[in-house]
Amino acid sequence: MSTTSRQDICTHIEQNQDRMLDFLSELISAQSLPGEEQPAQEVLKDKLSEFGGSIDVWEPDADDLRDHPGFFETTPYQEHGYEGRENVATTIDGNGDGPSLAMSGHVDVVNPDPIDAWEHDPWNPDIDDGRMYGRGTMDMKGGIAAFIHAYETLRELDIELAGDLTLQTTIEEEAGGVGGVLSALERGYQPDAAIIPEPSGVPKVGVASAGVLYFRVTVPGKPAHAAYKFLGVDAVDKAFQIHQALENYNDELNERIGDYQPAVNQYAEAEGSSANLTITDIEVPGSWTSTVPGKAIMEFRMGWPPSAGMNRNDVREEITGVIDSVVREDDWLVDNQPEIEWFGWSTDPHEIDFRSDFYELVCENTTAVTGGDIQRRGGLGGNDERFYNRYYDIPCPSVGPNGGNGHGADEYVEIDSLIETAQIHALTMVNWCGTVGELE
Ligand SMILES: [Zn+2]
């Protein structure tokens, strides 16, 4: 009979924090950009094999996933394929019939360039004033180190879980996660509940993600010497008209759907801007200052919150309609139609089921550990949690540490927050899966 208490678990996690930080440091040094995740997975294979379960390692197969409603071809898949890009999972079988749980983290991190913008070394983490700096400390190798430390703590305290616990690390979240979390779900890793420790910044809990679409509009013009502009058709000018119409659409959409509160909780600046249609690139092939542009290519990212009640097909239709309305009004474009291509990110938004027992349990433990009030956040960016919540009805919040400069220079995680994250993870494993023997 175990006489360990919840407090013992939390104390043990705090006292052994150096082990978590050392492991995080090792994981950061294993550089793992999207498409080139393997160095980090090698570290994790070694670590996860210490836990007595068998290690499952697999490369995703795009053709197995293609018919899934959440599928799209990610950019790293198009560039690298899935060969040599492994997902890793281990399941520790429960000794009873408690519910199952998965802890899932992505190992890919975004490129730290320009490195000279960093004061710290992105690949050689250092600790300064309660923060650890390095690429991936916050997003999200910190969260992975936390759940591993949480489980190691339970082992050291001889706490046996009654339900199965899966620990898994996946690829390409930053590019849409299709070959990562979706591949894991389709391989059969469908637990009763899951946590992805993206850096929600406890006591903030991640509850939602945005729908995201990338698209490219190629606008034809007619090149001519700029001295005889009247002989040509300026493709950039036509592109600007389309851009303006899309900007207007974005404003109308924000008026129509109003604010999404978890987004405003995340960034007060999100007020009035829950949907974001952004032009991210414009190219004029063969541009020459004395030539009327003969072609313009614009790229856009569209994001919208779950409260809009639209899936990616709905939004594609609206965007296509806006561009068509510009074309219909323009004599040149009617006969010289712009081309719209959808590429890269293509995701539906999601929101967790707030009535689920698991969500309630996570909130209780988060409050108990941090002493703070829960704040729901999310809905501005896309993330892996959507696969669990949206397509499999598996409740999956993000419960992760506080940090800063994600995707930027001098990314860091706050160590106190990382410790709290591990404590919440451990308590949730114990409460959700149940224990063999009593816990005080
Ligand atoms: Zn992330």
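Helix 6 and helix 14 are oblique to each other. They belong to a predicted model. Helix 6 covers residues 141-156, and helix 14 covers residues 415-433. The two pack at an angle of about 50 degrees. The axes of helix 6 and helix 14 are 8 Å apart. Helix 6 passes helix 14 in a right-handed crossing.

Helix 8 spans residues 235-257, and helix 10 spans residues 312-328. Their angle is about 135 degrees, and their axes are 9 Å apart. The crossing of helix 8 and helix 10 is right-handed.

| Helix pair | Angle | Axis distance |
|---|---|---|
| Helix 6 and helix 14 | about 50 degrees | 8 Å |
| Helix 8 and helix 10 | about 135 degrees | 9 Å |

**The largest pocket**

Now for the open space in the model. The largest pocket has a volume of about 1000 Å³. Its lining counts 38 residues. Nearest the centre of this pocket lie Asp 139, Gln 266, Gly 381, Gly 382 and His 407.

By class, the lining has 16 polar, 14 nonpolar and eight charged residues. Several elements each supply at least two lining residues: helix 5 (75-80), strand 8 (204-209), strand 9 (211-220) and strand 16 (375-378). Strand 8 gives the largest share, four residues.

Domain 1 comprises 6-209 + 351-433, and domain 2 comprises 211-347. Each of them provides at least three residues of the lining.

**Backbone details**

Two cis peptide bonds deserve a look. One runs from Asp 113 to Pro 114, with omega near 0 degrees. Pro 114 sits in the loop between strand 3 (101-106) and strand 4 (126-128). Another cis bond runs from Val 202 to Pro 203, with omega near 10 degrees. Pro 203 is found in the loop between strand 7 (193-195) and strand 8. Strand 8 is the element that gives the pocket lining its largest share.

Asp 129 has a backbone feature of another kind. Its phi is positive, about 55 degrees, although Asp 129 is not a glycine. Asp 129 lies in the loop between strand 4 and strand 5 (131-133).

Key: Residues numbered from 1 in each chain as written. Predicted model: local features only at pLDDT ≥ 70, side-chain atom pairs only at ≥ 80, totals over all residues. Heavy atoms only, no water. 1 Å grid on protein atoms, 1.4 Å probe; cavity = no way out; pocket = protein on both sides within 12 Å on 5 of 7 lines; lining within 4 Å. Points joined across faces, edges and corners; volume = space filled by probe spheres on them. Nonpolar A, V, L, I, M, F, W, Y, C, P; charged D, E, K, R; others polar. Domains from an automatic or database assignment. Axes fitted to C-alpha atoms, helices over the stretch in contact; angles between N-to-C directions. Left-handed = near helix turned anticlockwise from the far one by under 90°. Parallel < 35°, antiparallel > 145°, perpendicular 65-115°, else oblique.
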